[in-house]
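Dear colleague,

Please find below the structure that I am handing over to you. My notes on what was found in it follow directly after it.

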Amino acid sequence: MKKRVLILGATGSIGTSAIDVIRHYPDLFELVGISGHHNEEKLLQIASEFNCKNICLSGLELSSDILNSRIQFYGTTGLNEIIEQTNANIVLNGISGMSGLLPSIAVIKKGIDLALANKETLVMAGEYVQKLAKKNKCKIIPVDSEHSAIFSLIENFKANNVSKIVLTASGGPFKDYTYNELKTVTVEDTLRHPTWNMGKKITIDSATLANKGLEVIEASVLFNLPPSKIQVAIHPQSLVHSLIQLNDGVLYSQISKPDMKHPILNALTYPTIMENYLEKLDLTQDVNLSFSAPRMKDFPMLYLAYQCLNKKGAYPIVYNAANEVAVSAFISGQISFLDIPRITEKVLQSDWTEEPSSIEEILTIDGKARELTTGGCF
Ligand code: NDP
Ligand code: MG
């Protein structure tokens with residue numbers, strides 16, 4: 001029996017890699033549904049290639065002039081409907097930003113396994129979604145490459161033997177820039193990631209190290225670890241996708257070429273590891289691995305994420321929201337690169353200690369943080 005796969009965010013970078021994986025395993029997967037936000041043309045192309053009938057364009061509300069379109073699901077309600085109606089065995093969530101949260105919850109509420117690329121889901125509502133998944137007996141399988149690596153390493157070595165995890169970070173395009181040089185970098189410079197080809201938002205987050213900050217929070221939730229047991233190491237080659245350290249001090253890692261199709265395929269076939277078509281790493285071909293400490297002082301987004309984890313409450317939600325707003329402002333030329341951490345830090349200075357106890361409260365805090373970022377800080 002083929003696995004019925006629904007891909008949310010099929011038009012994005014994760015979505016495109018996932019479509020390629022599905023294309024290579026026609027006997028294994030059936031693409032039963034796809035969503036995009038605005039890119040109707042790409043969405044329809046994918047639908048035609050895979051003869052996929054369930055199509056959602058979430059960025060558009062239904063109106064009379066689009067009634068004849070092949071797309072039958074629209075807007076955020078459309079996302080809920082496609083999750084509800086496609087009878088998928090697994091959903092890959094490749095939506096970017098906080099908009100991925102409610103779809104993740106809808107998938108879990110339906111008891112469907114979730115291959116999760118959207119890290120914001122876990123940063124904003126980690127405890128809630130973990131509990132919900134347990135209650136509804138469905139799995140959350142991480143797709144973020146570092147977390148995918150650690151997930152499989154911990155499965156092999158067992159959580160009680162692990163003393164620490166090490167998340168690797170490429171360091172982004174400005175790894176060797178001085179603080180003064182960071183003052184004048186442009187959006188174009190920031191989008192030139194040295195090793196990974198990804199969507200705009202995450203590429204900018206990689207340059208500020210906010211992506212690693214979000215990933216530290218994501219790892220803390222997924223693997224139930226305090227911040228003191230999560231280390232970040234700069235590894236510019238992006239070949240070692242993360243490591244675990246066991247109680248005896250020995251490190252174990254997952255090593256492969258940087259290609260998101262690896263963690264996507266592993267999530268879709270979990271717990272089986274498939275032979276695949278992806279380029280293999282040959283260690284005899286002049287492979288160089290180096291590691292160093294992150295420069296937290298010059299890239300404060302990482303430091304701020306640790307602070308948020310230590311403070312708990314609603315701080316991780318606010319970190320994500322303020323950063324998301326600041327990154328949009330940077331993309332549209334309103335603020336400079338170094339304003340992103342400056343603004344995020346300012347928003348985090350308010351009192352966000354109260355722990356939200358429902359999704360409604362999480363969304364309210366997210367909204368307040370966004371308002372404060374937009375209104376007060378630019
Ligand atoms: P992209 O920007 O490339 O793609 C985002 C996708 O989400 C597109 O399909 C887009 O539709 C859709 N989308 C955008 N806004 C909304 C919205 N408001 N509601 C519903 N759908 C929306 O992002 P990435 O693929 O790079 O990243 C997706 C997620 O995966 C992020 O959370 C990121 O952190 C995570 N991730 C990504 C990695 C990567 O290699 N790219 C690696 C690890 C994690 P459209 O194109 O039609 O506008
Ligand atoms: Mg990652």
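Helices and strands in these notes are DSSP runs numbered from the N terminus, where a helix is H or I with at least four residues and a strand is E with at least two. The model is predicted, so local features need pLDDT of at least 70 and side-chain atom pairs count only at pLDDT 80 or more, while totals for chains, interfaces and linings use all residues. Residues are numbered from 1 along each chain as its sequence is written, chains are lettered from A and ligands numbered from 1 in the order in which they are written, and side-chain values use heavy atoms, with hydrogens and water left out.

Pro-263 lies in helix 11, which covers residues 261-269. With a relative accessible area of 6%, Pro-263 is buried; buried means under 20% relative accessible area, exposed over 50%, and partly exposed in between, using a 1.4 Å probe and protein chains only. Leaving aside residues up to four places away in sequence, Pro-263 touches Val-143, Ser-145 and Ser-148, where contact means heavy atoms within 4.5 Å. Pro-263 and Gly-213 are 50 residues apart along the chain, and their C-alpha atoms are separated by 20 Å.

A cis peptide bond is found between Tyr-270 and Pro-271, with omega about 5°. Pro-271 is placed in the loop between helix 11 and helix 12 (300-311).

**Helix 1**

Helix 1 comprises the 12 residues 13-24 and reaches 17 Å from its first C-alpha to its last, close to the 16 Å expected at 1.5 Å a residue. That expected span is 1.5 Å times one less than the number of residues. Which residues of helix 1 are buried? They are Ile-14, Gly-15, Ser-17, Ala-18, Ile-19, Asp-20, Val-21 and Ile-22. The cover over the buried residues of helix 1 includes strand 1 (3-8), strand 2 (29-36), helix 2 (40-50), strand 5 (90-93) and helix 11.

Polar backbone atoms of the protein lie by oxygen atoms of ligand 1 at Gly-9, at 3.3 Å, and at Gly-12, at 3.1 Å. A nitrogen atom of ligand 1 is 3.0 Å from a polar side-chain atom of Ser-99. Taken alone, ligand 1 exposes 910 Å², and the protein buries 85% of that; these accessible areas come from the Shrake-Rupley method with a 1.4 Å probe, and for residues only the protein chains shown count as cover.

**Helix 13**

Glu-324 is found in helix 13, which spans residues 315-331. At 14% relative accessibility, Glu-324 counts as buried. A polar atom of its side chain lies 3.2 Å from the backbone nitrogen of Met-98. Glu-324 touches Gly-97, Met-98, Glu-120, Lys-201 and Arg-370, not counting residues up to four places away in sequence.

With residues up to four places away in sequence left out, Ile-331 touches Val-187, Lys-200 and Ile-204.

Thr-190 belongs to helix 8 (residues 187-190) and, at 0% relative accessibility, counts as buried. Beyond residues up to four places away in sequence, the contacts of Thr-190 are Pro-173, Phe-174, Val-185, Thr-203, Ile-204, Ala-207, Phe-330 and Phe-337.

Leu-209 has a positive phi near 75° and sits in the loop between helix 9 (200-208) and helix 10 (210-222); at 4% relative accessibility, Leu-209 is buried. Ser-238 has a positive phi of about 50° and lies in the loop between strand 9 (230-234) and strand 10 (240-246). Ser-238 is buried at 6% relative accessibility.

Yours sincerely

Technical notes
Polar contact = N/O pair within 3.5 Å; in protein donor to acceptor, adjacent residues only side chain to side chain.
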